[in-house]
Each structure stands twice: as structure tokens, then as C-alpha cells.
Amino acid sequence: MNRNLALRRTLDAISHLGDPEPPWAALLQGMQQLVGGDSATLIQIDCGGELLNFQQHDVSPAAERAYLEHFFAHDIVAPLTIGAPPGSWFDTQELFSSSLLSKEGFYVDFMCPHRMRQLLTFIVEDSPQRRGGLTVQRSVSTSHARRHLESATVRHVAGALRQGLEQRNAMTRQWFDTAESAFDGFGEAICLATPQGTVLRASARARELLGQGHSLRLRGGRLWHPGAEVQRALRLALAHAPQARQPIRLSIPDGRGGQSRLELVPAAPQLSLGREALVFIRMRHDGARTPPPVDSLCSAFGITPAEARVLAALVAGQSPKQHAGAQGVSVHTVRSQVGSLMAKMGCTRQAELVRKGLLAQPPLLETGRPA
Amino acid sequence: MNQSFALRRTLDAIAHLDDPQPPWSDLLQGMQQVVGGDSATFILLERGSELLSFQQVNVSPAAEREYMQHFCAHDILIPPTLGAAPGSWFDTHELFSPAFLSKNFYYADFMCRHSARQMLACIVDQGAQRRGGLTVQRSTAAHARRLLDSTRIRRVTQALRQGLARRDERARLWLGGAESAFAAFGEAVLLVTPAGTVLRASAGAQEFFGASRSLRLRSQRLWHPDAQTQQALAAGLRLAAQSRQRIRLPISGGSAGLQELEMARAAPQLSLGEEVLVLARIRPGRSQAVPSIDSLCSAFGVTPAEARVLAALAAGQSPKQHAGAQGVSVHTVRSQLGSLMAKMGCTRQVDLVRKALLAP
């Protein structure tokens, strides 16, 4: 293809990086043509070394499968690019001698069988939580790649790409900041995480919540809970959230009678840099809940105030005997009131009374913290 | 004060209209000086005539009180400015003849008594739900049209219009972002005045009002057919605006059964002037459904099989019914119950139900 056309197409794709779902295929194709290669990939990795995203252009299905299933863990470029600023280029021909490559499994068993002799990688992101690179693969290696990468055309495109990615990042930040202040008004914390639990962004309230020494906290940048079952449920919820049609709800005890309530949903596409699936989480911390007041129970179930007091006591966790003792009435009176409650509320067991009592009206007023 | 200094100060205050809480007093003071008057007010009205916000510089407390309590409803500038484009100026000296004014009690009993003989008002907002104007009061009336048409005033007016348009655009973006964030959780949002006028409603909220047989809009106001709920709604909106409390109001009759309206004071960048607005969201009510298995596992550190037993109890089944439904022996279920009691620190089945329902 005409190089000018390729340049225009690439710059056009780059200018759409502000869209919720940018034309990544066109962008990868354009970069491949401009840099001069046979295929191109966009790869993102989280801080724990897990693969977040793999997008490609002209990579064979066999090569993609081999990379995802096995060779990703042995990628020779990824470890060398840690800490490299976005916008820098890496060239395998420069990094490794041919004698080293001939002994390297990734080169011999992956690159060569899939007709790749040289990788040229452009760093698109490098943060403590996540890094990413756009790589062009060449079937013939050249020692002059650096000269081409430093040509005016490639520098121009690389500069535009960096700017486009920064704009996308700024847009994401603005969306998140807006959401933070909106949810904060209702006392809720938010964070953006990978399906592996790496927290990419967290609202001030979320950082406070996770930093308070409650059982739910961050470990190595990931959401973590010391309880094995809780941790298992958390991991499952995070993994399922990107495909969930309904919010996934989790409630995690704080070990002090209260709990953190989490709701996980798929994150909007504009929160992703590439096409990585992310999870948007909101959390709130509730202290121990107060039972519904007696008069609201009366009106909800058409019961007498004395009966409502018995119901409230059951809901609060007292036994009929404890309630009788506390009220200074005989346990027989309470038992007959329980019988009357069962009749009026259509229940046959105490557990059902408690269930209905709890599902009655929620408390009307929730006191927020002064901002 | 030096005119060019006043102009600079005013333009500087206008440049800060993007801030969440712009320097409204500086703006009013600057406008008063640039236009040449003795006091200035910024008034927002909802639904045409009800006072939403009143801000002033150099207005006496007595005049402010009388205006808010009584004379607002008789303001002679409100009817002629209806429908006027933002940025247009109105002058009482031009609009009304001396004969008319001398017989008008707003002029005689309010303006004159508080030594205001002329008012120059610039329209700053003209929406279906909300209108606003910035007014400069003068103690001596004089022809003002030449001044109002001068380059200096035109420049300030233009800057003010643009500043307010930018602020409006920011508020719109903020709400658009908030809408999409809440929509991810199946919640709809609306921006409401403390009197219940809906200034903006998300697509989800509009859909809700379209289908709702309970909470809906009546001439752009939140309205509930049940008098008691309507009262609670009005009280809730006022309380949410005045305090930092969040108010939750259960509302039934939506298409999806029980829902609730949660109200909280809106972020200041959504307001014009010092008006206080309320951000409300419509959300599914506390779920009547059984908590999910995953959620029970995480809440109590129990195994999935135990969580299924717990969910069955919370749904109102007996252990025997659950055993039958799952095709396991009742002994298995009883031993799972024992394990649940141990893990959850309970001694009775009713406590298990209680904890399960309180958790998620």
C-alpha cells in the first residue's frame, strides 16, 4: 500500500483514540505498514504479570494460540521493558545477540516457527498497576530498524500515538472523577479493577476503606481477603463480572459486626485503554444495622404494638424467653403473641417471622458523614 | 473605584465560572460597579415565578427579607423578561412610565422604601424549569440604554454568557458521566430542586416515570398519588438539601416492584449561584430475593453447599423441604446446619436466617 495513504489512515485511527471503542484494528494495521512488518499486536500485562489483553493484526491463529497458552510466560521482550517510559522503542535485534537468540526457546520454538525473526515494540503504558506495548513483527530481521524508527515519519506517528493515548487516559480519569463525586454523594466508594483483582483506580473513599485495616484490603496491588472462602468468592466475582448481565453482589464482614458491600459490573469500554475487560466496583461500608422501628412494623403487618415489640425482639435476635424476661411478662404471654403473629403474618415458623420482619421497610434515614 | 480595575475584577470572576464554587459575590460586586449602581442581586426562579435562590451584595437585610417573604411574587421585572434570550438587558426606566410606576405598589412599597429607583437586569438563564437574572439597583433613575449598549458592557455581558454556557456544559457532562455510571448498576438519576422540580432526568428516570403508577412527574414536579408518601417526599427533599443526610424513600408501583428513591445534596458544580439542588436516584429496593450463594460464601466463609442450605432457610424453606428439593438426606442437611451454626456463631435456626438476610 501507498505509504502516504498508510500514514493518513494511521493518523486518522489515532485521532479516534478518544472514542469509547477506538478502531484498534486499523491502528495496528497502520503501524505494521508504517514500521514495516508482517503483523502487529497490542499486549497489556498487569502488575502480577498476568495477561490482560491480546489484540492482533495478521497474526496467525496458531501463533496467537501458542502465545496465549504457553509462550506469553516466556516473552523475551516484556521483562526488559519494565520501567521504560511510554513512547520508547525496543528492538530484539539490538537487545539480543544472534548466538543468544539461537539458544532462546521463545525465539527458536515460537518466533521462528511462526515466521517472526524480529520484534519492534513501542511502549504504550507503564504504570505500577499495568503496562502495555504495541509490537510489530518482522519475518526478516534487519539491523537498520533503529534508523527507520527514528525517521521523521515514524517519529511523527509515534508522537501522535503517545498524545492520543494520553488523551484517552485523561478522558478515563475525568469519567472516573465524575463517577467518584456522584457516588461519594451517596456514601459509596468506587474502584476500577482487572478481572484478576488489580486495582487500577480507586476513589478517595475506596482507598480509605481498603486502607482501614478491615479484612478486605490490597495485597500486592490486588484486592485480597484473609478468609479462604471469602477470597474464593471475591476471585470468582471478579472473574465473572466482565460478562455479568446483573451486578454481582458480595458482602464481606469487617470483623466488627459491620460489613463491606461490594457490587461488581462490567466497566464501560471508555475505561479501558485497549480492549482489556475491566471491572467497575462500588463499595459501601455499613456498621451493624438497626432493626425497623415498632410503629413501622405495626403498619406493615397490621399487628398490635405489643406484638410488634415481640417481632422486633425476634428480629433483633432475642428468643421469646429472653424477651419475656426483659419485658417482665410471662413467657406464655409472649408465646401466645408469637402465635398471633404467625396467624396474622401467614407464617408457620419463627424463622419466617424474622424473615418477613427483616424484609419490611428499610430504615428511611441514613446519616452521611459531613463532607 | 477605578472603572478599568472593576472591569478586570469582573472578567476575572467570570473566568472562574468553571470552578465548582465560583466567586459569585465578586461577580455581583464587579457587575454593580461596571454598570454603576448601589447594589446587585442574582435571582433564580423555578417554574416561572417561585424563588429558588437569592444572592446579593449591598442589599440591606430588611430589603432582602421583604423581597424573599413577600415582594418576589410581585417583582415587576419577572413578567416582561419571560422568554428573553440570555444576555439581554432590561431597564425599568425604559419599560415603565413614571405614571405607571407611581401607581405600582412593588415600586412604591418596595423599591422606593429601600432606595431603589431603577433596576437593570441581565438575563442569565432561561430554561423551561429555571430562569435567572442578575440585577443592578440604582438609587437614582437615569437613561441607561447607551451605557448598556456600550462596548464595555457588551464585552462583560458576552463574557458572562460564555462563562455561564461553559458552566452549563460542564454540569451537563458531569451529569452525563454520573448517569452512565449509575446506569451500570441499574439505577436512574435525576437532578431536583428542593421544591421537587426536576431539572434533569436520565433516560432511565424518564423511562421509570413513563411506566410508573406511583412516583411520577406532574408539570415537571415529582409527585406521588399517596398523600403520606408525597409528604415524606417533600420533607425528604428539604432535609437532603439542608443537611448532609441521605434520605431513602421506598416507592412501590414501578414496573419492577418495590423501588426506592434515595436523595442526597447535589455536587456544587451542578448549581448556579448558591442554589442547593438534590441529586436523587431511583434504585431497586432492598432485595426481597434470596441472597446469592457467592455472596453468602463471602459473607460467612461457608462452603457453597452450606451456602445453599442457608439460602434455602432464608427463602423460607425448612431443612426437610431443602433436603427433598436437593435430593439429599435430611441428615446431610442437618449436619450442614450444625456446621453453619458453628461457623456463624449461632445456636438457633432463626439466628441463621437473621444473619443471612442482614448480610447481603
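This dialogue walks through a few features of one predicted model.

Biologist: What are the ground rules for reading this predicted model?

Modeller: Residues are numbered from 1 along each chain as its sequence is written, and chains are lettered from A and ligands numbered from 1 in the order in which they are written. Local features need pLDDT of at least 70, side-chain atom pairs count only at pLDDT 80 or more, totals for chains, interfaces and linings use all residues, and side-chain values use heavy atoms, with hydrogens and water left out.

Biologist: What is the mean pLDDT of chain B?

Modeller: pLDDT is the predictor's confidence in each residue, from 0 to 100. For chain B the mean is 88, and 95% of its residues reach 70 or more. The model scores ipTM 0.78 and pTM 0.80.

Biologist: What is the strand order in the open sheet of chain A?

Modeller: Strands of a sheet pair through backbone hydrogen bonds, either parallel or antiparallel. Strands here are DSSP runs (E, at least two residues), numbered from the N terminus. Two strands pair if DSSP finds at least two bridges between them. In chain A, five strands form the order β7-β6-β12-β11-β10, with antiparallel pairing. β7 (199–202) and β10 (248–253) of chain A each have a single partner strand, so one side of each lacks a neighbour in the sheet.

Biologist: How many bridges join β6 to β12 in chain A?

Modeller: Five bridges join β6 (residues 189–193) to β12 (residues 279–286) of chain A. A:C191 stands opposite A:I281 in β12(A).

Biologist: Which residues of helix α2(A) are buried?

Modeller: An α-helix has 3.6 residues a turn, so residues three or four places apart point the same way. Helices are DSSP runs too (H or I, at least four residues). Buried means under 20% relative accessible area, exposed over 50%, partly exposed in between (1.4 Å probe, protein chains only). The buried residues of α2(A) include A:W24, A:L27, A:L28 and A:M31. After α2(A) comes A:G36, with a positive phi near 85°.

Biologist: Is B:L173 buried or partly exposed?

Modeller: B:L173 is partly exposed, at 49% relative accessible area. B:L173 lies in helix α9 (residues 151–183) of chain B. The C-alpha atoms of B:L173 and B:P20 are 13 Å apart, though 153 residues separate them along the chain.

Biologist: Which element supplies the largest share of the lining of the largest cavity?

Modeller: On a 1 Å grid over the protein atoms alone, a cavity is a set of points where a 1.4 Å probe fits but cannot get out; lining residues have an atom within 4 Å of a point. The largest cavity is lined by 23 residues. The largest share, five residues, comes from β5(A). Among the residues nearest the centre are A:I43 and A:Y67.

Definitions and conventions
1 Å grid on protein atoms, 1.4 Å probe; cavity = no way out; pocket = protein on both sides within 12 Å on 5 of 7 lines; lining within 4 Å.
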